[in-house]
Amino acid sequence: MNEYIFFDAGLRNRFVEYARSLGVACELRDDTMGMVVAVPEDLDDDLVDGMEECYDVLQERQSDLL
């Protein structure tokens with residue numbers, strides 16, 4: 001599984017909504033470091049690229065919040 005970590009529930013939810021709109025199943029769990037979203041490793045490269053771009057944008061917003 002590929003994992004993405006978030007520190008804000010709203011931003012995590014936006015990422016999950018985006019991933020699900022692409023048809024990607026997500027597993028959510030809390031970790032001592034934050035909130036983790038795990039997605040399958042065997043995704044098409046275009047899906048991974050789109051999710052990485054979304055994550056980068058949300059990471060910038062997350063930095064602004066901290």
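View 1. E27 sits opposite A38 in β3. The model here is a predicted one, where local features need pLDDT of at least 70, side-chain atom pairs count only at pLDDT 80 or more, and totals for chains, interfaces and linings use all residues. Residues are numbered from 1 along each chain as its sequence is written, and side-chain values use heavy atoms, with hydrogens and water left out. Next, look at L28: its bridge partner in β3 is V37. Strands β2 (residues 27–31) and β3 (residues 34–39) run antiparallel and are joined by five bridges. To get from β2 to β3, the chain makes a hairpin through two residues. Strands here are DSSP runs of E with at least two residues, helices are runs of H or I with at least four, and both are numbered from the N terminus. Two strands pair if DSSP finds at least two bridges between them.

View 2. Strands of a sheet pair through backbone hydrogen bonds, either parallel or antiparallel. In this sheet, three strands line up in the order β1-β3-β2, and the pairing is antiparallel. β1 and β2 are at the edges with a single partner strand each, so one side of each has no neighbour in the sheet. From one strand to the next, the twist averages 25°. Helix α1 packs on the sheet and touches β1, β2 and β3, with its direction at about 5° to that of β3. The other helix, α2, lies across β1 and β3 and runs at about 20° to β1. Contact here means heavy atoms within 4.5 Å. Axes are lines fitted to C-alpha atoms (for helices, over the stretch in contact), and angles between N-to-C directions run from 0 to 180 degrees.

**View 3. Two helices side by side.** Helix α1 (residues 9–21) packs against α2 at an angle of about 170°, with the axes 10 Å apart. From α1, the residues L11, R14, F15, Y18 and A19 meet G50, M51, C54, Y55, L58, R61, Q62 and L65 of α2. Sorted by type, the residues of this contact are nine nonpolar, two polar and two charged. Ala, Val, Leu, Ile, Met, Phe, Trp, Tyr, Cys and Pro count as nonpolar, Asp, Glu, Lys and Arg as charged, and the others, Gly among them, as polar.

**View 4. Aromatic rings around F6.** Y4, F6, F15 and Y55 form one aromatic cluster. Rings of Phe, Tyr and Trp (its six-membered ring) pair if their centres lie within 6.5 Å; planes under 30 degrees apart are stacked, over 60 edge-to-face and the rest tilted. The count comes to five aromatic pairs. F6 and F15 have ring centres 5.4 Å apart and planes at 45°, so this pair is tilted. F6 and Y55 have centres 5.3 Å apart and planes at 90°, so they are edge-to-face. This second pair links distant parts of the chain, with F6 in strand β1 (residues 2–6) and Y55 in helix α2 (residues 45–65), 49 residues apart.

**View 5. Buried or partly exposed?** F6 is buried, at 0% relative accessible area. F15 is buried at 0% too, and Y55 counts as buried at 13%. V57, in helix α2, is partly exposed at 40%. Buried means under 20% relative accessible area, exposed over 50% and partly exposed in between (1.4 Å probe, protein chains only).
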